[in-house]
Amino acid sequence: MSNPIIEPSGGGVGAFVRELNLNDSMTDDTIAVLRKGLGEYGVLFFRDQDITPETHAAFASRFSNININRFFTPVLDYPMIAEVRKEPEQKTNIGGGWHTDHSYDKEPAMGSMLLARETPPSGGDTIFASMYSAYDTLSDGLKETLGGLRGVHSSRHVFGENAARFKDKDNDAGDRLRNAQEATQDAVHPLIISHPISGRKALYVNPGFTIGIEGWVEKESKALLEMLYEHARQPEHAYRFQWRTGSIAFWDNRATWHYAVNDYHGARRLMHRITLEGDALAA
Ligand code: OGA
Ligand code: MN
């Protein structure tokens, strides 16, 4: 089998993988091409993949070990697949704010492979943003300053027993999340990381899980982080992906952010997510 074609999305991040049917057997060479593409573009998009949960898991496992997310409810009979679901009567979606997955872990997940099982008639897109591009477009002076800093990341305020959602009566994410008592771990990572696949530098802070700068007081941290977030949120770094049933987005958590757009109230959206183990991050 010849290698797949990787075609840039035309936006600020991501590429489409053409000429690849995930039901076919794949050589290690094909996997290496995809891994390199992931490191280069940050997200790989696949269309029209009619695959079973077993095939999804087998494909994901070619890249790394599967990480079972402790906070997401799994798909029935498939503990390695997390369910990312919103029912017609539910208001809150999962991932509805800029974030990168698992930055609260000491060895953050390298990526997630999200497969659309059921899409709403319209809406429910996911926006991705390149943290390579966010880094590259900072001034040399700020790059140098940020190079010496480390960010503190946490899951407590999102998944923990005192998470903001418990105080928000309009938040109905409850039935889809679990194990709040396990949200106790914080992690510290360099603010600027060298990407494990591409070697390129990327900005590694995110509005979802970064709670401060190591050694800085809250007011200082907040000011710097807000400035970086505003910079990183610029549409120039982003690409908006429209899902169809059978679409897959395979993103690299170290090189990107993502945002699940919550604009399809009254319709159902069901996704299967497999998360892949990563390594500790270095400057
Ligand atoms: C996730 C997530 C985005 C989406 O699964 O980590 O943020 O569009 N999902 O469902
Ligand atoms: Mn996410």
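**Figure 1. Spacing and placement of the donors of the manganese ion (ligand 2).** In this predicted model, the donor residues of the manganese ion (ligand 2) follow the sequence spacing H-x1-D-x156-H. Its protein donors are His99 (NE2), Asp101 (OD) and His258 (NE2), which lie 2.1 to 2.2 Å from the ion; donors are N, O and S atoms within 2.8 Å of the metal (3.2 Å for Na, K and Ca), and since water is not among the atoms, sites may look incomplete. Distant parts of the chain are linked here, with aspartate 101 in the loop between β6 (78-86) and β7 (111-118) and histidine 258 in strand β16 (residues 256-260), 157 residues apart. Helices (H or I, at least four residues) and strands (E, at least two) are DSSP runs, numbered from the N terminus. Aspartate 101 and histidine 258 are both buried, where buried means under 20% relative accessible area, exposed over 50%, and partly exposed in between (1.4 Å probe, protein chains only).

Residues are numbered from 1 along each chain as its sequence is written, while chains are lettered from A and ligands numbered from 1 in the order in which they are written. As the model is predicted, local features need pLDDT of at least 70 and side-chain atom pairs count only at pLDDT 80 or more, whereas totals for chains, interfaces and linings use all residues, and side-chain values use heavy atoms, with hydrogens and water left out.

**Figure 2. Strand β17 and its partners.** All eight of the eight residues of strand β17 (residues 269-276) are buried, so this strand is largely enclosed by the rest of the structure. Cover is present on both faces, with Arg269, Met271, Arg273 and Thr275 buried on one side and Leu270, His272, Ile274 and Leu276 buried on the other. Two strands are taken to pair if DSSP finds at least two bridges between them. β17 runs antiparallel to β7, to which seven bridges join it; within this pairing leucine 115 stands opposite histidine 272, and serine 112 opposite threonine 275. β6 also pairs with β17 in the antiparallel sense, over five bridges, and alanine 82 has arginine 273 as its bridge partner. Strand β4 (residues 66-67) contributes a further antiparallel pairing with β17, over two bridges, in which isoleucine 66 faces leucine 276.

**Figure 3. Strand β7 and its pairing with β15.** Six of the eight residues of β7 are buried, leaving the strand mostly covered. Besides its bridges to β17, β7 pairs with β15 in the antiparallel sense over five bridges, and methionine 113 stands opposite phenylalanine 250 in β15.

**Figure 4. Helix α1 and the elements that cover it.** The 14 residues of helix α1 (residues 28-41) should span 20 Å at 1.5 Å a residue, which agrees with the 20 Å between its end C-alpha atoms; the expected span is 1.5 Å times one less than the number of residues. Thr30, Ile31, Leu34, Gly37, Leu38 and Gly39 of α1 are buried, and what covers its buried residues includes β1 (5-8), β2 (15-18), β3 (43-46), α2 (53-61), α3 and β15 (248-252). Just after the helix, glycine 42 adopts a positive phi of about 90°.

Figure 5. Leaving aside neighbours within four places in sequence, leucine 146 is in contact (heavy atoms within 4.5 Å) with Leu138, Leu191, Ile192, Leu203, Leu224 and Leu228.

**Figure 6. Tyrosine 135 in helix α3.** Tyrosine 135 is found in helix α3 and is buried, with a relative accessible area of 11%. Not counting residues up to four places away in sequence, tyrosine 135 touches Lys143, Ile192, Lys201, Ala202 and Leu203.
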